[in-house]
Amino acid sequence: MTASAWHEACNRFHHKFLKNTLLGAHLASLAGVLGRPAPDLEVVQGHIEKDLPIWRNNRETAQRLIDTYVDETSPRVIVEQRLLAVLSRETRSWLGPLVHELWLVRESILERQDVMKTSLRHMNEAFEALMAAAEPAESMTSEDLEGLQPLCETLKERCGDLIHAFEDTRSAGNRVLVA
């Protein structure tokens, strides 16, 4: 994967899935239903059984993006591209690693990656807590719904944290080393 391919995949995951689908549609809708004085049990069950499990299918994408962030977005690829291919092999052998190390330090890349990892872990924990409290969804009662609202709000917050972590990391990855 190239840096541009990584950024495209990140944009699809971050904007289309996290922001619009999971947070913007499914979690907002579930929170709205749970926030009503008398939540509709069947609607809540539908969200729990059909909508929220999409996170299980997409969290691997989040993990892959986080794991490949440093290698796929490092500016050291500039040294390996045609523009700098005119440099001697010896110069390219030390320039690429130097540019990479400067980028890691200047942009706090590893710290940003750690924030993404932590945000993903918290998102997964909040998701599993909500799903565990709602299982089995078909046997939930109206009383069970009261306990879901704070779990849903926590999951929305964790999703927002993950969104912000991806936004911060993407912006750092897009910057070029300039004095």
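This is a predicted model: local features need pLDDT of at least 70, side-chain atom pairs count only at pLDDT 80 or more; totals for chains, interfaces and linings use all residues.
Local features rest on pLDDT of at least 70 and side-chain atom pairs on pLDDT 80 or more, while totals for chains, interfaces and linings use all residues. Numbering starts from 1 along each chain as its sequence is written, and side-chain values use heavy atoms, with hydrogens and water left out.

The protein chain has seven helices and zero strands (DSSP runs, H or I of at least four residues for helices and E of at least two for strands, numbered from the N terminus). The radius of gyration, taken over C-alpha atoms, comes out at 21 Å, well over the 16 Å from the globule rule for 179 residues, so the chain is more spread out than a compact globule (the rule is 2.2 Å times the number of residues to the power 0.38). The C-alpha trace spans about 70 × 25 × 20 Å along its principal axes.

As for the core, Leu18, Val44, Trp55 and Phe166 touch the most other members of the largest nonpolar one, which holds 44 residues. Such a core is a set of buried Ala, Val, Leu, Ile, Met, Phe, Trp, Tyr and Cys residues joined through side-chain atoms within 4.5 Å, buried being under 20% relative accessible area with a 1.4 Å probe, protein chains only. Helix 1 gives the largest share, twelve residues.

Helix 3 (residues 54-73) packs on helix 5 (residues 89-106) at about 130°, axes 10 Å apart. The pair is therefore oblique, the class left once under 35 degrees (roughly parallel), over 145 (roughly antiparallel) and 65 to 115 (roughly perpendicular) are taken out.

Conventions. Axes are lines fitted to C-alpha atoms, for helices over the stretch in contact, and angles run from 0 to 180 degrees between N-to-C directions. Buried means under 20% relative accessible area, exposed over 50%, partly exposed in between (1.4 Å probe, protein chains only).
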